[in-house]
Amino acid sequence: MQPFTRKIIISSALCGLCIGIICSLLWLAISGFNWFGFFVIDLLFGGNACLGGIIAALIHSKFKLIPITIALYIGNALPISILLLCSLIVADASMEGWYFLFLIGWLIGAAIPAAITRVLMEK
């Protein structure tokens, strides 16, 4: 494994965890419900962070012209977006709004940590 690829995977995993914390705090402010108390959601954030790092490293290694910020954003937004879209499709009417809120919050919330992570990677 190349040193820069390892750096991308580690930084993207940290970026994914930061996105999970930011989105959980956003959802806590909106719904008044503490999402950190659920072990499954915590595992989902951790798994998405690790998978996002691998995806970002693959994107960066295959497509050198794509900026690292975009690779980090896609890597951290793609896995959970697919999961949430699949969950939205099969959800009952009472849960559709929550899945849609999670999806929109994650897609918006993922941009800021990806940009910050890129700046930290360059130092």
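Let me begin with Cys86, which is partly exposed in this predicted model, with a relative accessible area of 44%. Cys15, by contrast, is buried, at a relative accessible area of 1%.

Could we expect a bond at Cys15, and what is the distance from its sulfur to the closest cysteine sulfur? That closest sulfur belongs to Cys18 and lies 6.7 Å away, which is too far for a bond. A disulfide requires two cysteine sulfur atoms within 2.5 Å. By this rule, the count for the model is 0 disulfides.

I turn now to the helices. Two packed helices are described by the angle between their axes and the distance between the axes. Helix 4 covers residues 93-109 and helix 5 covers residues 111-122. Their packing angle is about 25°, and their axes are 5 Å apart. Helix 4 is therefore roughly parallel to helix 5, since angles under 35 degrees count as such.

Which residues make this contact? Helix 4 contributes Leu107, Ile108 and Gly109, while helix 5 contributes Ala111, Ile112 and Pro113.

My last point concerns Thr69, which is located in helix 3, residues 68-90. Is Thr69 buried or exposed? Its relative accessibility is 19%, so Thr69 counts as buried; the cut-off for buried is under 20%. Leaving aside residues up to four places away in sequence, Thr69 touches Ala114, Ala115 and Arg118.

Key: Residues numbered from 1 in each chain as written. Predicted model: local features only at pLDDT ≥ 70, side-chain atom pairs only at ≥ 80, totals over all residues. Heavy atoms only, no water. Buried < 20%, exposed > 50% of the residue type's maximum accessible area, 1.4 Å probe, protein only. Axes fitted to C-alpha atoms, helices over the stretch in contact; angles between N-to-C directions. Helix = DSSP H or I, 4+ residues; strand = E, 2+ residues; numbered from the N terminus. Parallel < 35°, antiparallel > 145°, perpendicular 65-115°, else oblique. Contact = heavy atoms within 4.5 Å.
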